[in-house]
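Please have the sequence and the structure open while reading.

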Amino acid sequence: MSDLKKFGTLQFLNFALGFFGLQFAWQMRIILSGPVTENLGASPFLYGLIWLAGPFTGMVVQPLVGALSDKTVSRFGRRRPYLLGGALIASLALWIFPNSQNVAIALESSLGIELPIWSALCVAAIMIWVIDACINVAQGPYRALIPDVVPQEQHAMANSYISLSIGLGSVVAAATAPFLKWAFGYQMSIPAQFVMAATAFSLAMIWTCFTIKEHQTRKENLKEAAVANIKEDNFLDSMKNFFLMSPEVSKICLMQFFTWMSTMCMLIFFTQYSVHTLFGVPDLTSASETARHTFEDAVVNGTNFSSICFAIFNLICFLVAIPIGALAEKFGNKKVHIISLLSMVAAYLGMAFTVNTVYVAILMGLAGIGWASICALPFAMLSKYIKKGTEGSVMGIFNIFIAGPQVFVCTLVAWFISKCVFDAGEGLVNYHWEYAFLIGAVCLLCAAFITRTIKED
């Protein structure tokens, strides 16, 4: 690997473009999956169960595909088959997902039988799982591609470009439809937005795969596979010793658990909160066509507003990420992280008790400060306790405390909201979606308190 040539700016941009497409697709899935599944009859609890795709595929697919890519020997390299395959299959699922109703109708016609009323929702749920699984198929090997093709002294810069792609991909995905509506009066349909995401994902990943070459021969690949086998043999030992590295590691993991409980309360439910709480749209899962038509404009406006808020959220995260790192170097990770978490608590509480859209947009920007810290400082805290040569195993175990909490949000929090029903008039009901932010604020306070107990040099 010592003969790897240094990357220039153009090569870094080529390398990061694929991740831009990946994040573009992921952000679109976050923002618009709620309106699509609700229109097909998904209750809050069913919507939460569908969201289980993310944590389960994250805990299973990424480690498995990462290990497979270490051993893959092909003329196209070790990582690129997974990058390209994941992107293309996910793009197909992104196109099918908002058209699930049409797919169900086509199946009825071709089979000559009448399918259950929930068949379209079943198709949508399957597509969500395919999308999440394929994004994880691409994401793990993408990170592993850095040491394969980038010189060691440039690894930090390569990760910086990926972070840049994450921020820009999220902002562009979230802001495109509202911008077109504001600038040209054109309302982009939900299926069109998913087609845009599918196109961005596939084309961006194709560009990266064809412009970045994996400089490894078959012999080198086999050697890497042998090393991977050795590391796999030591994985259980790493898992046993994970919490023995330091008592502080247990605290960091517990902090991460509560942090991601709160984060997913926002990521999963914000669009529904925007449509139903801020814009006053009742639950339409079992409403008549007349009622659906009555609230059609409000649903579109609420969804567009959610996209704007996610764009603000990710833009602030992008802008403050480097300053937060600089402040952490000066004052310590713990102090900066606590302040960042408390700023997110304030944002959550504000959103739980207001229906003013201007205030909510500002509060989402405030939450972006906490998000920037969440994406960086817990890993910086943990890195001090990682022994050399165990980085992959430790980070793999640590990921359990990111994906695991999502299961609780997708089940318990979704079930709780489904029980918090109130009369919306004219025979319709609504749910207290804002309760997700109250739960998230409590979890963040727990995380901040645990962070305060962590000993830091």
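A crossing of two helices is left-handed if the near helix is turned anticlockwise from the far one by less than a right angle, and right-handed if clockwise. By that rule, α1 passes α13 in a right-handed crossing. The model is predicted, so local features need pLDDT of at least 70 and side-chain atom pairs count only at pLDDT 80 or more, while totals for chains, interfaces and linings use all residues. Numbering runs from 1 along each chain as its sequence is written, and side-chain values use heavy atoms, with hydrogens and water left out.

**Packing of α1 and α13**

- Helix α1 (residues 9-39) packs on helix α13 (residues 296-331) at about 155°, with the axes 11 Å apart.
- That makes the two helices roughly antiparallel (an angle over 145 degrees).
- Gln27, Ile30, Ile31, Leu32 and Pro35 of α1 meet Thr303, Ser306, Ser307, Phe310 and Asn314 of α13; contact means heavy atoms within 4.5 Å.
- The contact residues of α1 and α13 comprise 5 nonpolar, 5 polar and no charged.

**Asn314**

- Asn314 lies in helix α13 and counts as buried because its relative accessibility is 6% (buried is under 20% relative accessible area, with a 1.4 Å probe and protein chains only).
- Leaving out residues up to four places away in sequence, Asn314 touches Gln27, Gly167, Ser170, Val171 and Trp371.

**Helix α19**

- Helix α19 (residues 435-453) has 19 residues and spans 28 Å from first to last C-alpha, close to the 27 Å expected at 1.5 Å a residue.
- Buried residues of α19 include Phe437, Leu444 and Ile450.
- The buried residues of α19 pack against α11 (247-278), α14 (333-352), α16 (377-383) and α18 (400-419).

Key: Axes fitted to C-alpha atoms, helices over the stretch in contact; angles between N-to-C directions. Helix = DSSP H or I, 4+ residues; strand = E, 2+ residues; numbered from the N terminus. Parallel < 35°, antiparallel > 145°, perpendicular 65-115°, else oblique. Nonpolar A, V, L, I, M, F, W, Y, C, P; charged D, E, K, R; others polar. Expected span 1.5 Å × (residues − 1). Buried < 20%, exposed > 50% of the residue type's maximum accessible area, 1.4 Å probe, protein only.
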